[in-house]
Amino acid sequence: MPEPQVLRAALRALPSVDQVLTCDTARPGLDRHGRSLFTEAVRTALDAARAAVRTGHDAPPTADDVAHAALSTLDAAAQPSLRPVFNLTGTVLHTNLGRAILAEEAVAAAIAAMREAVTLEFDLGSGGRGERDDHVRDLLCALTGAEDATLVNNNAAAVLLVLNTLAQDRDSIVSRGELIEIGGAFRMPDIMARAGTRLVEVGTTNRTHPKDYRAAIGPSTGLLVKVHTSNYRIEGFTKEVAPRDLAAIAREAGVPLFNDLGSGTLCDLARYGLGHEPTVREAVADGADIITFSGDKLLGGPQAGFIIGRKDLIAAINRNPMKRALRVDKIRLAALEATLKLYRDPDRLAARLPTLRRLTRSAEDLEASAHRLAPALRAKLGPGVAVVPRPCRSQIGSGALPTATLASYGLAVRPDGGGRALDALAKALRALPVPVIGRIEEGALVLDLRCLEDEPAFLAALEALEPRHGLV
Ligand SMILES: *Cc1c(COP(=O)(O)O)cnc(C)c1O
């Protein structure tokens with residue numbers, strides 16, 4: 001505690017609110033944040049300064065110091081919470097980082113839909129009411145071979161709506177090998193309960209036979225359900241009933257077959273040297289009556305859930321009042337239409353669709369990028385941090401080809417000082433104005449460059465990094 005006289009003098013030396021508001025540093029604060037917010041922040045900063053003076057630790061700040069503190073607080077608070085980041089995790093469709101990046105065509109369409117009135121449910125021909133599904137129905141049917149199509153908020157909603165419409169108060173028969181958990185609270189048995197359908201499990205975890213389905217079918221059967229085991233593989237002594245054979249069993253019994261493809265893809269990934277993920281067209285050709293898949297997984301569009309299949313079943317789904325609660329908005333609908341249109345030109349798809357472009361980047365291309373970026377990162381991080389270009393493996397993510405990895409290249413960043421230093425480095429990179437998110441692997445922070453398309457932007461982001469910034 002300072003002497004009372006010294007303390008009184010120090011407190012008197014504090015600037016007044018007016019003095020702070022009229023100093024030079026206050027001008028950008030007033031411009032950027034407005035008078036009331038800035039004045040409030042100045043008062044808070046002065047209170048903090050007064051408390052610090054009372055403890056005797058700090059000399060009274062100048063008006064400019066206080067204005068600067070108020071401005072920093074307001075600038076930090078003005079940052080959006082949902083922020084762009086560099087996804088250098090190596091997972092291309094990273095659910096926690098927002099899955100697919102949209103094509104420029106989709107971004108432009110979404111912006112136009114935000115700025116102007118649009119024909120969301122308006123038929124320009126008749127001048128009367130239109131259907132929001134109409135904007136993508138024909139495209140979806142043409143791309144998949146399905147009779148009809150509708151769409152909802154996401155694939156989880158699509159599954160819920162299909163089960164509730166077609167199997168409420170009746171049995172849904174599914175193999176024990178396909179009772180998936182997607183993550184979060186999405187577990188097939190739980191979603192079935194919420195949809196009001198009775199889950200009837202058949203077969204075992206590793207083997208399910210046609211006779212298992214046949215034995216379970218009865219008067220109370222509503223649906224046969226096939227779930228694509230999108231995020232795991234059962235290997236070894238296994239047997240599942242192929243969609244085509246299950247469709248035959250369903251037809252025989254006069255019960256619809258529902259196939260939840262999860263990611264689904266509209267193009268054959270094998271064509272791009274990736275593994276084969278069942279295409280939506282194949283699922284239609286294999287005879288499923290109703291099929292669901294996601295908009296923001298391999299398809300590379302915004303979040304959405306597609307439901308395609310038999311006309312009578314789609315009509316029943318559209319009559320379900322839940323459909324209204326699960327519908328998509330105009331912004332995503334615009335982006336979806338634009339994304340689907342890109343599929344009409346398969347030759348340029350890998351160049352225009354960011355998801356596919358990233359999945360198909362060659363390891364050589366990525367290696368060259370690593371060698372270009374390493375010196376700049378090394379210079380930024382300073383001595384005591386090794387930055388080494390090295391091969392790594394990326395994954396697709398979001399439950400598609402779960403066991404497939406892609407040969408990639410990245411930067412392994414390893415600070416002296418072990419685990420604590422490594423955590424501090426990862427944290428410093430996450431604290432950048434555009435955060436850099438890598439993954440920790442074998443004692444190094446690995447920055448997989450597969451999803452880094454804008455190298456100058458990355459180098460600019462590193463500018464904010466102080467040498468040894470945040471490192472212990
Ligand atoms: C991802 C997935 C879902 C859920 O899809 P969202 O688009 O995330 O709602 C449902 N079923 C399967 C098989 C999936 O892979």
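Helices (H or I, at least four residues) and strands (E, at least two) are DSSP runs, numbered from the N terminus. Keep that handy for the exercises below.

A word on the model: it is predicted, so local features need pLDDT of at least 70 and side-chain atom pairs count only at pLDDT 80 or more, while totals for chains, interfaces and linings use all residues. Residues are numbered from 1 along each chain as its sequence is written, and side-chain values use heavy atoms, with hydrogens and water left out.

**Exercise 1.** Find the place of Ala407 and list what Ala407 touches.

*Solution.* Start with the element: Ala407 sits in strand 12 (residues 405–415). Next, check the surface. Ala407 counts as partly exposed because its relative accessibility is 41% (buried means under 20% relative accessible area, exposed over 50%, partly exposed in between, with a 1.4 Å probe and protein chains only). Now look for contacts, meaning heavy atoms within 4.5 Å. Leaving out residues up to four places away in sequence, Ala407 touches Ala363, Cys392, Arg393 and Arg450.

**Exercise 2.** Work out which side of helix 4 is buried and what covers the buried residues.

*Solution.* First, the span: helix 4 (residues 35–54) has 20 residues and reaches 28 Å from its first C-alpha to its last, close to the expected 28 Å (1.5 Å times one less than its number of residues). Then pick out the buried residues of helix 4: Phe38, Thr39, Ala41, Val42, Ala45, Leu46, Ala49, Ala52 and Val53. They cover an arc of only 160° around the axis, so they lie on the same side of helix 4 (the arc is that of the directions from the helix axis to the C-beta atoms). Their cover includes helix 1 (4–12), helix 2 (17–22), helix 3 (26–33) and helix 5 (63–78). Just past the end of helix 4, Gly56 takes a positive phi of about 80°.

**Exercise 3.** Is Asn320 buried or exposed, and what does Asn320 touch?

*Solution.* Locate Asn320 in the loop between helix 13 (311–319) and helix 14 (322–325). Its relative accessibility is 11%, so Asn320 counts as buried. Then list the contacts: setting aside residues up to four places away in sequence, Asn320 touches Leu161, Asn164 and Thr165.
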